[in-house]
Amino acid sequence: MSWGDDLRAARQVVGLSREALARISGLSASTVKSYEDGSRNPSRPMLIALLYALRVDLRVRNSILIEAGFAPDLESETAGEPSGYMYSLEEAKEHVDQMPWPAFVFKEVFEVVCANEITERVWDIDLEREFTPGIERNMLAVSSRPRFTDICENWDDMARVAIAILKGHHRGAEQLEQLSPYFAEVMQRFQTGNPQYVGRFLALWQGTPARDPKIRFLYPAVFNLPGIGRMSFISVVNTCNEPEGLAFNDWVPTDAESWVNLEKLRRSPRRR
Amino acid sequence: MTWGDDLRAVRQIVGLSREALARLAGVSAATVKSYEDGSRNPSRQMLVALLDAMRVERHARNTILIGAGFAPDGEFLGPVRLPGYMYTPMEAEMHIAELPWPAFVFNELFEVVCANELTQRIWGVDLERDFPPGIARNLLFLGSTPRIAELFKGWDNVARTAIAVIKSNHPGPDDLQSLGPYFADVMQLMSQGGPGYVARFLELWDDTLPNDPKVRLTFPAVFKLPEVGKLSFHCLVTTCSESEGLSFNDWIPIDAETWRGLEILRTRGS
């Protein structure tokens with residue numbers, strides 16, 4: 001049985017003609033018919049209007065909604081994770097601002113959503129001013145620019161992690177010869193950067209195996225800023241919001257020198 | 001912006017024409033147009049086909065699905081919960097062994113499942129030898145054994161965090177008795193450390209509010225070890241395995257002094 005059949009059955013159970021149902025719900029009888037026989041697709045509000053007009057019970061209502069591909073009615077959702085368990089963007093931003101180390105949130109395609117101030121200092125950027133939200137903030141797309149290749153000391157390590165994720169985390173896995181449209185655009189932007197690094201990325205691609213998705217993973221990051229010095233981090237990537245594909249990146253300084261330099265950086269005047 | 005505008009925007013970002021997208025998704029260009037300008041409603045299947053064709057990332061994808069009234073999904077880029085996505089206790093133990101800072105895994109009752117070497121050095125315990133798995137490894141108990149508690153600055157702070165978590169994990173009457181026999185046993189064990197800890201815990205219990213359960217939690221912790229000095233941490237609690245109620249605890253050193261202290265601790269004999 002299709003959901004259209006279920007809808008018809010629900011109407012017939014309460015003994016309404018198509019015309020009567022159409023009248024109560026403010027639609028035309030032909031629209032009702034087209035939904036019942038599957039020749040047209042309703043919007044969710046339209047379908048809900050029909051279900052309310054029929055006063056079908058919650059179970060039937062939700063089975064029809066789900067069959068038609070829509071979200072069930074909220075009232076009936078059984079509590080799994082408590083609401084608010086995942087971070088909203090605003091909450092995540094507030095949270096990373098409180099971290100004493102560089103911390104930021106990215107999407108699963110490496111787009112930076114928000115970053116605390118010390119992250120911006122380590123990367124020597126002004127996120128809000130220089131990078132508009134969206135693909136402009138894709139870490140991979142900008143990683144070949146000299147301003148980043150000049151200050152990152154373990155570029156190859158970081159590139160390998162990105163490649164392993166691209167190959168392993170994405171359904172169907174990305175292939176260089178046949179990238180998905182989004183990553184094709186990312187790579188196009190990447191190729192406008194330092195040609196030496198573009199070549200390295202392609203060479204690394206071959207030898208880097210895919211990695212299986214895990215709820216948490218680590219990668220090393222080493223930055224060296226002129227006038228500041230070396231800072232070594234282990235980035236801990238962990239869940240921020242699973243349905244929205246957001247992850248926290250905590251760049252944990254891994255020795256005394258890194259903390260000394262991080263403090264020095266915090267006190268020095270902003271360049272950008 | 002309507003979801004149709006969003007759909008158009010993601011298509012334009014990846015530089016596809018309507019015709020090209022239509023070809024990829026197996027629909028007509030006119031259909032794509034009608035969705036973008038809101039003159040027709042897609043089925044969820046149809047919309048998903050378009051989003052799949054563009055491999056739109058989950059955040060934008062779900063914004064569009066929800067905008068169009070459909071259920072979001074988490075199954076696009078890397079199905080969220082494939083087998084192996086969560087850590088088994090053994091994988092977790094291997095994972096924390098590699099970390100240069102103190103890290104351990106505990107369950108939702110605060111029982112320590114495993115702890116890396118550095119953690120055990122700070123606490124001055126040999127977990128395997130001294131504490132059998134189970135209630136004897138409950139942090140409330142461990143943290144109130146005098147030899148550990150004496151090193152610990154800010155006991156109140158950590159106890160408050162624990163209380164806030166217990167209260168939110170066990171909604172109901174706001175008294176310790178109603179938590180059942182397990183926590184009664186924990187209190188019993190705590191009292192072995194001295195009556196002071198239980199009394200203080202009960203005092204804090206009454207004026208600590210439950211926290212909002214979140215996928216991640218942070219709290220400060222400070223230790224002072226003889227011959228090592230002050231160790232200041234920002235503890236980060238993150239998911240390890242939800243089905244098993246396990247969390248990672250990363251005790252992240254927040255200054256150079258702490259890293260120097262950890263080096264001393266690491267290099268001296270156990």
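Modeller: In this predicted model, a residue is buried if 20 or more other C-beta atoms lie within 10 Å of its own.

Biologist: What percentage of the 270 residues of chain B count as buried?

Modeller: The count rests on the cut-off of 20 or more other C-beta atoms within 10 Å. Applied to the 270 residues of chain B, it gives a buried share of 37%.

Biologist: Is chain B a compact globule or more spread out?

Modeller: Chain B has 14 helices and six strands. Its C-alpha atoms fill a box of roughly 75 × 45 × 30 Å along the principal axes. The globule rule gives 18 Å for 270 residues, and the radius of gyration of chain B, 26 Å, is well over that value, so chain B is more spread out.

Biologist: Which element of chain A supplies the largest share of the side that touches chain B?

Modeller: The contact takes 48 residues from chain A and 47 residues from chain B. On the side of chain A, helix 4, helix 12, strand 4, strand 5 and helix 14 each supply at least two residues. The largest share, four residues, comes from strand 5.

Biologist: How are helix 14 of chain A and helix 14 of chain B oriented, parallel or antiparallel?

Modeller: Their axes come within 8 Å and cross at roughly 175°. Angles over 145 degrees count as roughly antiparallel. The crossing angle therefore makes the two helices roughly antiparallel.

Biologist: Which residues of helix 14 of chain B make this contact?

Modeller: By class, the contact between the two helices has five nonpolar, no polar and one charged residues. Helix 14 of chain A contributes A:A256, A:W259 and A:V260. Helix 14 of chain B contributes B:A256, B:W259 and B:R260.

Key
Residues numbered from 1 in each chain as written. Chains lettered and ligands numbered in written order. Predicted model: local features only at pLDDT ≥ 70, side-chain atom pairs only at ≥ 80, totals over all residues. Axes fitted to C-alpha atoms, helices over the stretch in contact; angles between N-to-C directions. Parallel < 35°, antiparallel > 145°, perpendicular 65-115°, else oblique. Contact = placed C-beta atoms within 7 Å. Nonpolar A, V, L, I, M, F, W, Y, C, P; charged D, E, K, R; others polar. Rg over C-alpha atoms; globule rule 2.2 N^0.38 Å. Buried ≥ 20, exposed ≤ 12 C-beta atoms within 10 Å, placed from the backbone.
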